[in-house]
Amino acid sequence: MSDKISAEKRAELLVDHYQKSFELTHEMWKQRNLIFLRLLATIGLAALFAFVPKLSNWLLINYIAKATDSQAPELLNSFPFGLLQTIIMFVVFYLMVNLHHRAQYVLRSYKYLGALEQEIRDLLELSPDQAAFTRESGYYWQHRGRFAGLVKWIYFVLLGGLLLTFLTVRLVFDVREGDIGLLLADGAIAVAILIFFYAYTRSSVIEDGEDEHQDEIPH
């Protein structure tokens, strides 16, 4: 009798832990998606300064002039636009690091949830034909959409294309300007961004794809 009560209590604790783990994973999933959108928006802003510097600089100066009651022509001649773009690049790097971190956490957590589901099923002695506690493992993969796996590749192409285009244009602009200090700073940040983009791609696209017919996690 005591063994039966002990088993029931273990199952209760495990189910409660599973639910809390799922809620935390879902919250991190939402954070990952929000960071991805913020990263795209920041790259878009940086690309605006890189591709149409005259227009974007003038719009920025006019905004600052109105906010500070200053003269736009004076600000236009003295404002450190190169430094501003380096700061924006650093923000891109910061968001890229956070995206990689959140993505890894989400991937790892879904695999953990799948393992917990199997432990719960074993404790509850559920038969293979019962769907309970297979939401993030067997049931998901049996009912996954045919084109669901393409999403991560679309994200990879979209984000990678924007990053490479922006970083290339930015470094070419630094070379033309002949500012060695900014070129070195931008070059170092660009390398760091690409390193974490590779890490994000490897964990979220490549390694995840290698497990597709095993215990993969959903996207």
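A salt bridge here is a side-chain nitrogen of Lys or Arg within 4 Å of a carboxyl oxygen of Asp or Glu. Asp174 and Arg170 meet that definition, with their closest N and O atoms 3.0 Å apart. The model is predicted. A search of the whole structure gives 4 salt bridges. Two further topics follow: a nonpolar surface patch of six named residues, among them Phe51, and the second largest pocket, with a volume of about 180 Å³.

- Asp174 pairs with Arg170 at 3.0 Å between the closest N and O atoms.
- Both residues sit in helix α6, which covers residues 150-177.
- They are 4 residues apart there, so about one helical turn separates them.
- Asp174 has a relative accessible area of 2%, so Asp174 is buried.
- Arg170 has a relative accessible area of 1% and is likewise buried.
- The cut-off for buried is under 20% relative accessible area.
- The pair is part of a network: salt bridges link Arg170, Asp174 and Asp186.

- Asp16 forms a salt bridge with Lys20. The closest N and O atoms are 3.4 Å apart.
- Asp16 and Lys20 are 4 residues apart in helix α1, so the separation is about one helical turn.
- Asp16 is partly exposed, at 39% relative accessibility.
- Lys20 counts as exposed because its relative accessibility is 53%, and the cut-off for exposed is over 50%.
- Lys30 forms a salt bridge with Glu27. Here the closest N and O atoms are 3.5 Å apart.
- Lys30 and Glu27 also lie in helix α1. The spacing is 3 residues, about one turn of the helix.
- Lys30 is partly exposed, with 41% relative accessibility.
- Glu27 is partly exposed too, with 35% relative accessibility.

**Nonpolar surface patch**

- The patch consists of Leu45, Leu48, Phe51, Val52, Leu55 and Leu59.
- Together these residues have about 530 Å² of accessible area.
- The most comes from α1, with 3 residues.
- Phe51 is a patch member and lies in helix α1.
- Phe51 has a relative accessible area of 48%, so Phe51 is partly exposed.
- A patch residue needs over 30% relative accessible area and no salt bridge. At 48%, Phe51 clears the accessibility cut-off.

**Second largest pocket**

- The second largest pocket has a volume of about 180 Å³.
- Its lining counts 15 residues. Closest to the pocket centre are Pro128, Gln130, Thr134, Gly138 and Tyr139.
- Helices α4 (81-124) and α5 (138-142) each supply at least two lining residues.
- The largest share of the lining is from α4, with 4 residues.
- By class, the lining of this pocket holds 8 polar, 4 nonpolar and 3 charged residues.

How values were computed:
Residues numbered from 1 in each chain as written. Predicted model: local features only at pLDDT ≥ 70, side-chain atom pairs only at ≥ 80, totals over all residues. Heavy atoms only, no water. Patch = residues over 30% accessible without salt bridge, like charges linked within 9 Å, V, L, I, M, F, W, Y side chains within 5 Å. Areas by Shrake-Rupley, 256 points an atom, 1.4 Å probe, with all protein chains shown as cover. Buried < 20%, exposed > 50% of the residue type's maximum accessible area, 1.4 Å probe, protein only. 1 Å grid on protein atoms, 1.4 Å probe; cavity = no way out; pocket = protein on both sides within 12 Å on 5 of 7 lines; lining within 4 Å. Points joined across faces, edges and corners; volume = space filled by probe spheres on them. Nonpolar A, V, L, I, M, F, W, Y, C, P; charged D, E, K, R; others polar.
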